[in-house]
Amino acid sequence: ASDSSTAPAGNTTKQAVVVAAAANISSNSSSSSSAVASPKRGLQPAVAPGKPAIVSNSGPQLPLPVPTAYSNVSAPAPFTFKQKGAYKTIEIGCSLPFEGSQKLAGEAVYSALKMAITDLAPKTVPHLNINLTCFNSRCSDIPAYAAVTKFADEGAIAVIGEICSRATVAAAGVANARKIPVISPASTSPSLSQTDYFFRTVPSDRYQGVAAAGLVYRSGVRNVAVVYEDSAYGFGLSFNFIAGFTKDGGNVPVVYSFKLNQGKPADAVAKIKTGVLQNKLDGVFMATNNLTFVADFLVDAKAAKLDNLKYFGGDAIADYTLIYNIGQRPSVLANLTVTSVAPGSMQFVDRFKKFANTKTYNPYAARAYDAMDALLRAYKVAGAPKNGTMIIQQLSKQKFQGVSGMVAFDQYGDAVPSNQSYAYITWNATAGTPIFKGFIAM
């Protein structure tokens, strides 16, 4: 996810890719009746129109947790894992949001990292103590930049994070300059697909966008409005969604975009209501990690009597925080379907909830666990002096069955997608719980 297209110096290549993608979408932002042209993408639809999308269907409803108040908070105290006979202590940094709309995701990733160290260190690096030190990035670019700089200064072997792509774009610039690996379990912006010190255990949105487009098209929607945040995550996902949806035969006659913290849900709803009358809109796709905006938008859509539309969104929306933000207000939540990274096995989900002492689960937890697994494996076999350069050489070679599925990286350090990389989720509006419906075949 992402909120800002600016990043500190040292990341000009990634910024150029981001700006170019933004221009391709922004130039099409219009409420006119003409459809957005389909950019060439070199990708096939996730599933050809008319073919079944569900690999396995039905699933458990996840219980709703007790809401937590948001405030300016510090990161958790360092987690130190000591082993008998250890001759050395290594530091692993983590840059995560511990407040704001992605707070729950940050907490889930942090718990998964501790769980992975506890499970895996004794057999992978049995003679090392591990100090996991986290930094509260607030999912923003400047704090993430500062975090990676701090960990590089301290001699950390790597940094695991970020959640939001806007923060990761900044972090990746430091990673390349300081030659320290950064591994994200959640950042999906296509702008991050470079040959450098950045790796991720989630596929790029060039795949999620296509998977979401196929899901929306197969639902029967043909004329969709795209609502996106003008950020690394928002326009990256939107661009690839538009490419996939128009190639499948759909139309995108209405686009509403907004800058960081400047989205006006009522304006978006008004534009969509006009699109229903003028362009026969029958669906909406949202690409933002601003869950306050999404909640208000779904409430305003209900007030505008747009209950007959189908609503869709990207993985950042698959979060309990959305439920908290909606509260008791009437909304079109029951009409919402979102894509999500696959949650991992039920065995892992159950173990995680027990380890973290929580009733809730975030799919990024499995990706975080696998990120730590990949890092420890790579560190174990890295040559002397086991610095960032030696570690990324081994990271790129990792291939193993993780808790989230098969873990492997392509030439850009991106997770290689599979038929079980993406799931889709609906919502039980009465209970306020997400429902796993199945996988989206690639």
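View 1. Helix α8 comprises 13 residues, 291–303, and spans 18 Å from its first C-alpha to its last, close to the 18 Å expected at 1.5 Å a residue; the expected span is 1.5 Å times one less than the number of residues. Helices (H or I, at least four residues) and strands (E, at least two) are DSSP runs, numbered from the N terminus. The model is predicted: local features need pLDDT of at least 70 and side-chain atom pairs count only at pLDDT 80 or more, whereas totals for chains, interfaces and linings use all residues. Residues are numbered from 1 along each chain as its sequence is written, and side-chain values use heavy atoms, with hydrogens and water left out. The buried residues of α8 are L291, F293, V294, A295, F297, L298, V299 and A301 (buried: under 20% relative accessible area, 1.4 Å probe, protein chains only). Just after α8, K305 adopts a positive phi of about 60 degrees.

**View 2. Helix α6, a mostly covered helix.** Residues 232–248 form α6, whose 17 residues reach 24 Å from first to last C-alpha, close to the 24 Å expected at 1.5 Å a residue. Of these 17 residues, 16 are buried.

**View 3. The open six-stranded sheet.** The strands follow the order β1-β3-β2-β4-β5-β6, with mixed pairing; two strands pair if DSSP finds at least two bridges between them. Because β1 (79–81) and β6 (198–200) stand at the edges with a single partner strand each, one side of each is left without a neighbour in the sheet. Neighbouring strands are turned by 25 degrees against each other on average, direction ignored; axes are lines fitted to C-alpha atoms, for helices over the stretch in contact, and angles run from 0 to 180 degrees between N-to-C directions.

View 4. Strand β5 (residues 182–184) pairs with β6 in the parallel sense over three bridges, and F198 in β6 is the bridge partner of V182. Helix α2 (residues 103–124) packs on the sheet and touches β1, β2 (88–96), β3 (128–136) and β4 (158–160), contact meaning heavy atoms within 4.5 Å. The direction of α2 makes about 10 degrees with that of β1.

**View 5. The chain as context.** The secondary structure comes to twelve helices and 15 strands. Of the 442 residues, 60% count as buried.

Definitions and conventions. Buried means under 20% relative accessible area, exposed over 50%, partly exposed in between (1.4 Å probe, protein chains only).
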